[in-house]
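Here is a short briefing on one protein model. Look at the fold before reading on.

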Amino acid sequence: MCGRYTNTANLDAMQMRFDFDTDETDFVPRYNLAPTQDAPVLILDQNGRKRLEMMRWGLIPHWAKDASIGNRMINARSETIQEKPVFKSAFKKYRCLVPADGFYEWQKTGKTRQPLRIMLKSRQLFAMAGLWAKWQGPDGREIRSFTILTTAPNALLKQIHDRMPVILPPDLEETWLRSEDIDQLQGLLVPYPAQELTAYAVSTLVNSPKNDVEDCIKPKQD
């Protein structure tokens, strides 16, 4: 599962890393992104150009009666996305990149749960594989939302949790967005190399989504 993540970069840094068409996105650095909140994702527009949009975290299928279903759709298991109707169509047509520079998991030690932040050893931005959807409410209001794909943990994450988000290598991000080969796309949904990731303990500040401050990402003080 991936239930909390960070994107502390500014818009210029994301533009440089992902090379998308400039947008009027009102994004600010985030230290504790939580489900149901808006976050930046990268999609292809109708002209095949990469575009940054703010979307709600928690996929709301177009057929949903109300938006609350999205609260349970923050993640999608990559092994079953072709079997579940809620994700099958999005996998074929509505894939996205979710920019991040870290994500949180909670490691159980006895009766305590220690939050850890996992990131690239290079500390660079990366992209998680996602799916997105458009939903129109009874009042005509449209909500765009997304979910993050998960896979089996690598050797590092196995010590922390039984799932991890699908992190795409930079040279395969365009493939995820543009390919129409379902078998090729499915083959991208694998654990990221453990040797390229690092993890460190952080404050329990991150336990509450109300806390979205730089102290959330600082190493825990003994």
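This is a predicted model: local features need pLDDT of at least 70, side-chain atom pairs count only at pLDDT 80 or more; totals for chains, interfaces and linings use all residues.

Five strands make up an open sheet with antiparallel pairing. The largest pocket has a volume of about 220 Å³. Five aromatic pairs turn up in a search of the whole structure.

**The open sheet**

- The strand order is β2-β1-β7-β8-β13.
- β2 (30-33) and β13 (197-201) are the edge strands, and each of them pairs on one side only.
- On average, neighbouring strands of this sheet are turned by 30° against each other, direction ignored.

**β8 and its partners**

- β7 (residues 102-109) and β8 (residues 112-120) run antiparallel and are joined by seven bridges.
- Two positions illustrate this pairing: Thr109 stands opposite Thr112, and Lys108 has Arg113 as its bridge partner.
- The β7 and β8 hairpin has two residues between the strands. Gly110 takes a positive phi near 65° in this hairpin.
- β8 also runs antiparallel to β13, with five bridges between them. Here Leu120 stands opposite Leu197.
- Is β8 buried or exposed for the most part? Seven of its nine residues are buried, so the strand is largely enclosed by the rest of the structure.

**β9 and its partners**

- Nine of the eleven residues of β9 are buried, which leaves the strand mostly covered.
- β6 and β9 are antiparallel and share six bridges. Cys96 has Gly130 in β9 as its bridge partner.
- β9 and β10 (residues 142-151) are antiparallel too, with seven bridges. Ala133 has Ser145 in β10 as its bridge partner.
- Five residues lie between the strands in the hairpin of β9 and β10. Gly140 takes a positive phi near 90° there.
- β12 (residues 167-168) is joined to β9 by two bridges, again antiparallel. Ala127 stands opposite Leu168 in β12.

**The largest pocket**

- α2 gives the most, with five residues.
- By type, the lining divides into nine nonpolar, two polar and two charged residues.

**Aromatic pairs**

- Phe91 and Trp176 form a tilted pair, 6.0 Å centre to centre with 40° between the planes.
- Phe91 lies in helix α2 and Trp176 in helix α3 (residues 173-178), so the pair ties together parts 85 residues apart in sequence.
- Both Phe91 and Trp176 are buried.
- Tyr94 sits in the loop between α2 and β6 (95-100), and Trp132 sits in strand β9. The pair links distant parts of the chain, 38 residues apart.
- Tyr94 is partly exposed, with a relative accessible area of 31%, whereas Trp132 counts as buried at 6% relative accessibility. Buried means under 20%.
- Tyr5, Trp57 and Phe146 are linked into a cluster by ring pairs.

**A buried loop glycine**

- Gly70 lies in the loop between β4 (50-57) and β5 (75-77).
- Is Gly70 buried or exposed? Gly70 has a relative accessible area of 3% and is therefore buried.
- Gly70 and Val28 are 42 residues apart in sequence. In space they are 23 Å apart, C-alpha to C-alpha.

Notes:
Residues are numbered from 1 along each chain as its sequence is written. Side-chain values use heavy atoms; hydrogens and water are left out. Two strands pair if DSSP finds at least two bridges between them. Helices (H or I, at least four residues) and strands (E, at least two) are DSSP runs, numbered from the N terminus. Axes are lines fitted to C-alpha atoms, for helices over the stretch in contact, and angles run from 0 to 180 degrees between N-to-C directions. On a 1 Å grid over the protein atoms alone, a cavity is a set of points where a 1.4 Å probe fits but cannot get out, and a pocket is an open set with protein on both sides within 12 Å along at least five of seven lines; lining residues have an atom within 4 Å of a point. Grid points are joined across faces, edges and corners, and a volume is the space filled by probe spheres set on the points. Ala, Val, Leu, Ile, Met, Phe, Trp, Tyr, Cys and Pro count as nonpolar, Asp, Glu, Lys and Arg as charged, and the others, Gly among them, as polar. Rings of Phe, Tyr and Trp (its six-membered ring) pair if their centres lie within 6.5 Å; planes under 30 degrees apart count as stacked, over 60 as edge-to-face and the rest as tilted. Buried means under 20% relative accessible area, exposed over 50%, partly exposed in between (1.4 Å probe, protein chains only).
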